[in-house]
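Trainee: I've got a new structure open and could use a guide. Can we walk through it together?

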Amino acid sequence: MKKYFILILFITVGFSQYLYSNTVLEITAKEIIENVQDRYKKINTIVAKYTQSIKFKLSKIEQSFNGTLYLKKEKKYRIETDQQTILTDGVTSWAYSPKTKQVVIDNFKEDKNSLSPEKFLTQYPDDYYSNLIGKSKINNQDAYELKLTPKENNSFIKSMKVWVDSDEWFIRKIEWVDMNGNSTIYTVKKIDANVDLGNEKFQFKPGKDIQIIDLR
């Protein structure tokens, strides 16, 4: 009797895992990416609080800090951390360091290796082959885990994973390894969409005590 019970238990567990696996695979990586892109098409502004962790391969040094991303279409974003503030209005970009009291001003530039938030959220999946790995929890939310492999061999990012929640289709976590072997992880703690953000949020007006380095 005991042997039959163990056999039934084994079949039940195995069947449950089979059902879970097929539930995960009912949607494809392409469909997930399309859902994410459709979601962002309906959004004009985003405010996201996140944590960033970086591990440098050679030095073994690890860094972790909190940040806030403000995003407004088109090509306007502001990234605030304790170390620096980086922002652009789509024409001019500013990089301000409160420690050195310096701001570097330049013309806004985009290239295929740039990691601007808007470009990643709307275009980056097209530059990668995507595979659905499975499903996991991110901040107590169900999320699909995708592995992205760059189509170009000379890409700065060599491998990437993205976690997308299954309710709102927001990107909740990003992890990548660059060509130097350094790993970076972004985990979104909170995200609000279509909040009121004025254009002045994406422009920097330095005070008299701030040194200006103008590269334009």
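This is a predicted model: local features need pLDDT of at least 70, side-chain atom pairs count only at pLDDT 80 or more; totals for chains, interfaces and linings use all residues.

Mentor: We'll go from the sheet to the helix, the cores and then a few side chains.

Trainee: Okay. How many strands form the open sheet, and in what order?

Mentor: There are 12 strands, in the order E7-E8-E9-E10-E11-E1-E2-E3-E4-E5-E6-E12. The pairing is mixed. Strands (E, at least two residues) and helices (H or I, at least four) are DSSP runs, numbered from the N terminus. Two strands pair if DSSP finds at least two bridges between them.

Trainee: Which strands stand at the edges?

Mentor: Strand E7 (128–138) and strand E12 (211–214). Each has a single partner strand, so one side of each is left without a neighbour in the sheet. From one strand to the next, the twist averages 20°.

Trainee: What does E1 pair with?

Mentor: E1 and E2 run antiparallel, joined by 11 bridges. Tyr50 has Gly67 in E2 as its bridge partner. E1 is also joined to E11 by 10 bridges, again antiparallel. There, Lys49 has Lys190 in E11 as its bridge partner.

Trainee: How many residues lie between the strands in the hairpin of E1 and E2?

Mentor: There are 6 residues between them. Lys60 in that hairpin takes a positive phi near 65°.

Trainee: And E9 with E10?

Mentor: Strand E9 (residues 157–165) and strand E10 (residues 171–178) run antiparallel, with 7 bridges. Lys161 has Glu175 in E10 as its bridge partner.

Trainee: Switching to helices. Which strands does H2 lie across?

Mentor: Helix H2 (residues 29–41) lies across strand E1 (45–55), E7, strand E8 (141–150), E9, E10 and strand E11 (183–193). H2 runs at about 80° to E7. Axes here are lines fitted to C-alpha atoms, for helices over the stretch in contact, and angles run from 0 to 180 degrees between N-to-C directions.

Trainee: What about the largest nonpolar core?

Mentor: That core has 30 residues. Ile32, Leu146, Met160 and Val164 touch the most other members. H2 gives the most to this core, with 5 residues. A nonpolar core is a set of buried Ala, Val, Leu, Ile, Met, Phe, Trp, Tyr and Cys residues joined through side-chain atoms within 4.5 Å. Buried means under 20% relative accessible area, exposed over 50%, partly exposed in between (1.4 Å probe, protein chains only).

Trainee: What does Ile32 touch?

Mentor: Ile27, Leu132, Tyr144, Leu146, Val164 and Trp169, not counting residues up to four places away in sequence. Contact means heavy atoms within 4.5 Å. Apart from this core lies another, of 7 residues, among them Leu87, Tyr96, Phe204 and Ile210.

Trainee: Now aromatics. How many aromatic pairs are there?

Mentor: The structure holds 5. Tyr144 and Trp169 form a stacked one: 6.0 Å centre to centre, 5° between the planes. Tyr144 is in strand E8 and Trp169 in the loop between E9 and E10, 25 residues apart. Both are buried. Rings of Phe, Tyr and Trp (its six-membered ring) pair if their centres lie within 6.5 Å; planes under 30 degrees apart count as stacked, over 60 as edge-to-face and the rest as tilted.

Note on methods: Residues are numbered from 1 along each chain as its sequence is written. Side-chain values use heavy atoms; hydrogens and water are left out.
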